[in-house]
Amino acid sequence: MSRRPPEWLEPLLDRLGSARAEDFTRLTTPESGGRESAVLVLLGEEPDGGPDVLVLQRAATLRNHAGQPAFPGGAADPEDADASATALREANEEVGLDPTSVTVLAQLPKLWIPVSDFVVTPVLAWWHAPHPVHPREPAEVAHVARLPVTELVDPANRMRVRHPSGWIGPAFSVRGMLVWGFTAGVLATLLEMGGWARPWPPGRVVELPPTAAAPAPSAGTDEVDESPVR
């Protein structure tokens with residue numbers, strides 16, 4: 001497959017040229033401090049399935065973010081040249097992604113996660129040479145999936161979740177995975193920017209299952225709402 005990104009990615013890349021952190025979160029990223037980290041937002045394309053994004057599911061036994069879907073990624077190492085290097089290294093360590101199969105397209109604005117004091121740079125990339133991936137450390141990663149964009153934007157699969165703290169944010173229920181928090185917030189914004197999103201009922205709010213109730217995240221349409229679920 002060509003290293004050149006396909007035409008369906010062009011509207012998103014054009015929009016990202018003017019993207020700001022405020023497009024993804026209401027929280028202001030500190031000018032200094034915070035632990036630098038990066039995640040890989042890897043877009044690919046299946047011959048019969050169309051565009052998709054790579055997501056992993058954390059192991060249920062982890063102390064933090066147990067069972068939560070996420071983009072591959074993690075904290076920066078001193079040896080990492082930049083955020084892209086961090087994201088690709090972590091993806092290789094977590095799911096066996098070959099860095100040479102990936103074309104980095106853009107580094108998104110840095111986003112702050114207060115509960116962990118991580119400053120996260122999402123790295124958008126095109127998977128020009130897809131290959132099988134799998135959890136390399138089952139104690140950390142339980143599952144890896146390519147979620148089709150058509151299923152992510154399906155109104156039947158979209159909702160908002162209410163965290164026990166009162167935080168409400170976007171979520172996707174796709175292929176047995178409830179994608180919420182930071183990952184869902186970034187995804188929701190990118191789907192809008194790319195022009196792929198479809199109208200869906202924002203009044204559909206569900207309580208976040210207690211087993212998934214990690215600290216409230218920072219990306220997405222974050223708000224506090226004390227009204228009952230409808």
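1. Strand β2 (residues 50–58) runs antiparallel to β8, and the two are joined over 7 bridges. Strand β8 itself (residues 141–148) is mostly covered, with 6 of its 8 residues buried; buried here means under 20% relative accessible area, exposed over 50%, and partly exposed in between, with a 1.4 Å probe and protein chains only. Helices (H or I, at least four residues) and strands (E, at least two) are DSSP runs, numbered from the N terminus.

2. A word on the basis of these remarks: this is a predicted model, in which local features need pLDDT of at least 70 and side-chain atom pairs count only at pLDDT 80 or more, while totals for chains, interfaces and linings use all residues. Residues are numbered from 1 along each chain as its sequence is written, and side-chain values use heavy atoms, with hydrogens and water left out.

3. The protein chain has 4 helices and 13 strands, and 52% of its 230 residues count as buried. Among its contacts with a separation of 6 or more, 69% are between residues 24 or more positions apart, a contact being heavy atoms within 4.5 Å.

4. L12, which lies in helix α1 (residues 10–16), is buried, with a relative accessible area of 0%. Leaving aside neighbours within four places in sequence, L12 is in contact with L43, L124, L190, M193, G194 and W196. The C-alpha atoms of L12 and E192 are separated by 8.7 Å, although these residues are 180 apart along the chain. W196, for its part, touches W8, L9, L12, L43, V149, V153, L190 and L191, again not counting residues up to four places away in sequence.

5. There is 1 cavity of 30 Å³ or more, and the largest cavity holds about 60 Å³ of space. On a 1 Å grid over the protein atoms alone, a cavity is a set of points where a 1.4 Å probe fits but cannot get out, and lining residues have an atom within 4 Å of a point; grid points are joined across faces, edges and corners, and a volume is the space filled by probe spheres set on the points. The lining consists of L12, V41, L43, V53, V149, L152, L187, L190, L191 and W196, with α4 giving the most, 3 residues.

6. V102, in strand β5 (residues 102–107), is buried, with a relative accessible area of 8%. Its contacts, not counting residues up to four places away in sequence, are L42, L88, L97, A125, W126, W127 and H128. V102 and H128 are 26 residues apart in sequence and 5.8 Å apart in space, C-alpha to C-alpha.

7. R175 deserves a separate check. This residue sits in the loop between β10 (167–174) and β11 (177–179), and its phi is near 50 degrees, a positive value in a residue other than glycine. R175 is exposed, with a relative accessible area of 55%.

Terms used
On a 1 Å grid over the protein atoms alone, a cavity is a set of points where a 1.4 Å probe fits but cannot get out, and a pocket is an open set with protein on both sides within 12 Å along at least five of seven lines; lining residues have an atom within 4 Å of a point. Two strands pair if DSSP finds at least two bridges between them.
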